[in-house]
Amino acid sequence: MIVGSGAIGGTVGGLLARSGADVVLVARGAHAQALADRGLTLRTPDGTFEIGVTAAADPAEVRLTSRDVLVFATKTQHLEDALHAWVDRPVHHGDTVVGTAGSTLPVLTALNGVVAEEMALRFFARVFGVCVWMPAAHVVPGEVIVRSWPVAGQFHISRWPADLADAEDDRLLSDIAATWTPAGLLVARPPDVAPWKYRKLLANLANAVVALTGSGRGDPVVIAAAQREGEAVLRHAGIEFVPAEVEREARRHGPRDRDVADAGDVVANSTWQSLARNSGSVETDYLNGEIVRIAHRHGMTAPVNAGLARLARAAARDGHPPGRYSGGELAEALGLVGEALGADVMVEGR
């Protein structure tokens with residue numbers, strides 16, 4: 001069950017359906033209707049694929065069984081509503097109700113940031129954290145653009161928290177890897193996914209910069225400042241994250257960003273897509289805002305990331321499309337005029 005079938009969820013669900021797996025894509029509004037009426041259009045560097053999918057717009061349309069797995073792939077700001085919608089749904093084994101989704105089914109949290117897993121634990125007993133590497137975009141109902149093919153994405157997955165992992169979890173993740181990897185969704189199984197998610201968080205600090213400038217690469221000075229600040233906050237807080245060189249080596253085996261015909265200026269970045277769709281909200285408070293939260297928790301400040309979160313909130317609230325600022329204007333608004341680059345920058349597609 002893919003809950004939230006946009007860029008990431010749509011690609012995962014579409015590729016699993018294309019490979020013959022039993023999968024349901026859960027979506028909202030016009031996207032849900034398009035999936036039900038026409039299936040999923042998946043646009044890739046190697047062509048466009050029309051994929052027939054099973055779609056649902058509401059949990060009440062789905063009969064859960066004890067063999068199901070829930071994969072949450074919403075934006076973080078929408079996750080709590082999704083968790084509420086699914087947690088108390090009955091789970092069947094044959095004709096017998098054996099429990100609720102929250103007490104019975106495993107949950108995978110394929111979201112940006114590092115808060116989804118703890119949010120899910122309020123509702124679900126068995127949670128698996130997922131670090132997502134996938135250059136995908138969703139702007140048009142019924143359509144997803146994925147900029148890597150035939151390997152569309154790479155996922156690091158482990159039980160959350162890692163010290164709860166047991167033999168049953170090992171069997172589940174083995175089954176998931178055996179199903180997902182041949183479909184073009186590479187699965188890696190680190191002992192603990194948390195350090196991978198914190199490394200990804202640092203990359204995602206660029207999302208707001210890309211969205212506010214409208215450029216696929218953002219402004220390198222602003223990105224470097226935000227990521228430098230983020231690393232300093234995590235180190236001060238004693239939070240482990242995967243070293244950059246380890247991540248670079250792992251990415252050698254993962255998706256490769258390539259051009260997609262007629263994709264125009266669509267950017268594989270969740271914040272850019274939210275502004276482009278005029279969705280009214282962005283994920284920034286759980287990305288740059290998470291660095292701010294950790295800083296405040298430890299008696300620090302994080303002015304660059306706080307400023308980016310504020311400007312992104314304003315852009316979403318006021319209905320501004322991507323590209324409200326030039327790079328220079330954004331640097332000036334954040335007090336970074338005269339800053340040197342000073343560091344490598346990471347720009348993560350999702």
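**Entry 1: Asp285 and Arg313**

I looked up Asp285 and found that its side chain meets that of Arg313 in a salt bridge, 2.6 Å from N to O. I count a salt bridge when a side-chain nitrogen of Lys or Arg is within 4 Å of a carboxyl oxygen of Asp or Glu. The pair links distant parts of the chain, 28 residues apart: Asp285 is in the loop between α11 and α12 (288–297), and Arg313 is in helix α13 (residues 303–317). Helices here are DSSP runs of H or I with at least four residues, strands are runs of E with at least two, and both are numbered from the N terminus.

I note that the model is predicted: local features need pLDDT of at least 70, side-chain atom pairs count only at pLDDT 80 or more, and totals for chains, interfaces and linings use all residues. Residues are numbered from 1 along each chain as its sequence is written, and side-chain values use heavy atoms, with hydrogens and water left out.

For accessibility I use three classes: buried is under 20% relative accessible area, exposed is over 50%, and partly exposed is in between (1.4 Å probe, protein chains only). Asp285 has 33% relative accessibility and so counts as partly exposed. Arg313, at 36%, also counts as partly exposed. I then noted a network in which salt bridges that share partners join Arg126, Arg159, Glu168 and Asp169.

**Entry 2: other salt bridges**

I found 13 salt bridges listed for the structure. One of them joins the side chains of Asp46 and Arg258, at 2.6 Å from N to O. Asp46 lies in the loop between β3 (40–44) and β4 (47–51) and Arg258 in the loop between α10 (244–251) and α11 (270–276), so this pair ties together parts 212 residues apart in sequence. Asp46 counts as partly exposed because its relative accessibility is 43%. Arg258 is partly exposed too, with a relative accessible area of 32%.

I also looked up Arg235, which forms a salt bridge with Glu231; the closest N and O atoms are 3.2 Å apart. Arg235 and Glu231 are four residues apart in helix α9 (residues 220–237), so about one helical turn separates them. An α-helix has 3.6 residues a turn, so residues three or four places apart point the same way. Arg235 is exposed at 56% relative accessibility, whereas Glu231 is partly exposed at 22%.

**Entry 3: strand β11**

How many of the seven residues of strand β11 are buried? I found that seven of the seven (residues 127–133) are, so the strand is largely enclosed by the rest of the structure. Val127, Gly129, Cys131 and Trp133 are buried on one side, and Phe128, Val130 and Val132 on the other.

Next I checked the neighbours, taking two strands as paired if DSSP finds at least two bridges between them. Strand β10 (residues 107–109) pairs with β11 in the parallel sense over three bridges. Phe128 in β11 is the bridge partner of Leu108. From β10 the chain crosses through helix α5 (residues 116–121) to β11, a right-handed β-α-β crossover. Right-handed is used if, with the strands pointing away from the viewer, the path from the first strand over the helix to the second runs clockwise. β11 and β14 run antiparallel and are joined by seven bridges. Cys131 has His156 of β14 as its bridge partner.

**Entry 4: Ser158**

I followed β14 (residues 153–160) to Ser158, which lies in that strand. Is Ser158 buried or exposed? Ser158 counts as buried because its relative accessibility is 3%. A polar atom of the Ser158 side chain lies 2.9 Å from the backbone nitrogen of Val193. Leaving out residues up to four places away in sequence, Ser158 touches Phe128, Gly129, Leu173, Pro190, Pro191, Asp192 and Val193; contact means heavy atoms within 4.5 Å.

I noted an open sheet of four strands in the order β4-β3-β13-β12, with mixed pairing. β4 and β12 (136–137) are at the edges with a single partner strand each, so one side of each has no neighbour in the sheet. β3 pairs with strand β13 (residues 143–146) in the parallel sense over three bridges, and Arg43 stands opposite Ile145 in β13.

I found helix α7 (residues 194–204) mostly covered, with eleven of its eleven residues buried. Among them are Trp196, Lys197, Arg199 and Lys200.

**Entry 5: domains**

I took the bounds from an automatic or database domain assignment, which gives domain 1 (1–191) and domain 2 (193–338). The contact between them takes 42 residues from domain 1 and 39 residues from domain 2. Their centres, taken over C-alpha atoms, are separated by 24 Å.

Terms used:
A polar contact is a pair of N or O atoms within 3.5 Å; within protein, one must be able to donate a hydrogen and the other to accept it, and residues adjacent in sequence count only if both atoms are side-chain atoms.
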